[in-house]
Amino acid sequence: MALSTHTYKSREFESPRMELAEFSARLDEELRTADYADIDASANGLQVGPAEGELEHVAFAVDGVAETIEGAIDAGADALVVHHGISWGGFDRVTGRKYERIAPLIENDVALYVSHLPLDGHQDHGNAAGVADVLGLENRSPFGELGPEYIGQRGTALESFSLESVCDRLESELDTGDRQVRGLGFGPEEISEVAIVTGSGTDWLEDAVDAGVDAFVTGEGKQKVYHEAQEAGINVVLAGHYATETFGVQSLQELVEEWGLETTYLDVPTGL
């Protein structure tokens, strides 16, 4: 596990500590957490934490799992912010692996804050926005409708790409864990219009076809996407679930540093 620690030096008269309630409320407002409450199985926001508390050091990771929780504790963090949390639709019992994940957080007084779909869809801090940055897309707009919200982004390349060059750029810039970025070349040879839904986003392939884009970028594929893309005549790029979803938490890390708090990034690539 690679640890990347960044310390923000607070300006004069600024406090290096923040109340946990304020921290959570500021993230909720920035990410519009409440707007996704009815469409996301994840319990977004503060998943584990006391009613009162304060923090000065925040760790960030893609997944809220034993390895990153231990990393946050070892780093001396007061909170861990992740994209994939530990509560999906709630649970009736805290036993087994659930207990083994939650207990260290409570025992070490480490809060857990989660942002799933709100962090996918955010047009500035989101995962899709980060992929669009790597590709240098402009004229961006929300993409990937889910109820009244969006979970992705689309944009236009300044200069057209080949499918190979799209894959090469993503492979060189993303944390793929040495996994090859794969392209399904069923669309135009020159790619200008790109739609992005990170993670497991192939359910939005038809939306990309309807939008008339040249390529659809997502994380992981399903068996059926090969034939669907071939029949629709669209390029698909599979860049890895983890790799496409590191951008959101890293963007939040930069935001929290601006608030005057110390941060640590916990990199645990899965290669998937």
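This is a predicted model: local features need pLDDT of at least 70, side-chain atom pairs count only at pLDDT 80 or more; totals for chains, interfaces and linings use all residues.
Residues are numbered from 1 along each chain as its sequence is written, and side-chain values use heavy atoms, with hydrogens and water left out.

**Stop 1: the whole chain**

Show the protein chain as a cartoon. You are looking at 10 helices and 14 strands; helices (H or I, at least four residues) and strands (E, at least two) are DSSP runs, numbered from the N terminus. Along the principal axes, the C-alpha atoms fill a box of roughly 55 × 45 × 35 Å. The radius of gyration is 19 Å, which agrees with the value near 19 Å for a compact globule of 272 residues; it is taken over C-alpha atoms, and the globule rule is 2.2 Å times the number of residues to the power 0.38.

Now colour by burial. Of the 272 residues, 50% count as buried (buried means under 20% relative accessible area, exposed over 50%, partly exposed in between, with a 1.4 Å probe and protein chains only). Among contacts with a separation of 6 or more, 68% join residues 24 or more positions apart; contact means heavy atoms within 4.5 Å.

**Stop 2: strand β7**

Select residues 111-114, which form β7. Which way do the side chains point? Ala111 and Tyr113 go one way, Leu112 and Val114 go the other, and all are buried. In a regular strand the side chains alternate between the two faces of the sheet.

Strands count as paired if DSSP finds at least two bridges between them. Look for Val48, which stands opposite Leu112.

**Stop 3: helix α2**

Select residues 66-74 for α2, and pick out the buried Thr68, Ile69, Gly71 and Ala72. Looking down the helix axis, you will find the buried residues within an arc of 160°, so they line one face of α2; the arc is that of the directions from the helix axis to the C-beta atoms. What covers them? The cover includes β5 (57-63), β6, α3 and β14 (262-267). Just after α2, click on Gly76, which takes a positive phi of about 80°.

**Stop 4: two loops with a positive phi**

Go to the loop between α1 (20-31) and β3, where Arg32 sits. Arg32 is not a glycine, yet its phi is positive, at about 55°. Its relative accessible area is 38%, so Arg32 is partly exposed.

Then move to the loop between α6 (163-173) and β10 (182-184) to find Asp178. Asp178 is not a glycine either, and has a positive phi of about 70°. Is Asp178 buried or exposed? With 81% relative accessibility, Asp178 counts as exposed.

**Stop 5: Val268**

Finish in the segment after β14, at Val268. This residue has 17% relative accessibility and counts as buried. Draw a C-alpha to C-alpha distance from Val268 to Glu29: the two are 28 Å apart in space and 239 residues apart in sequence.
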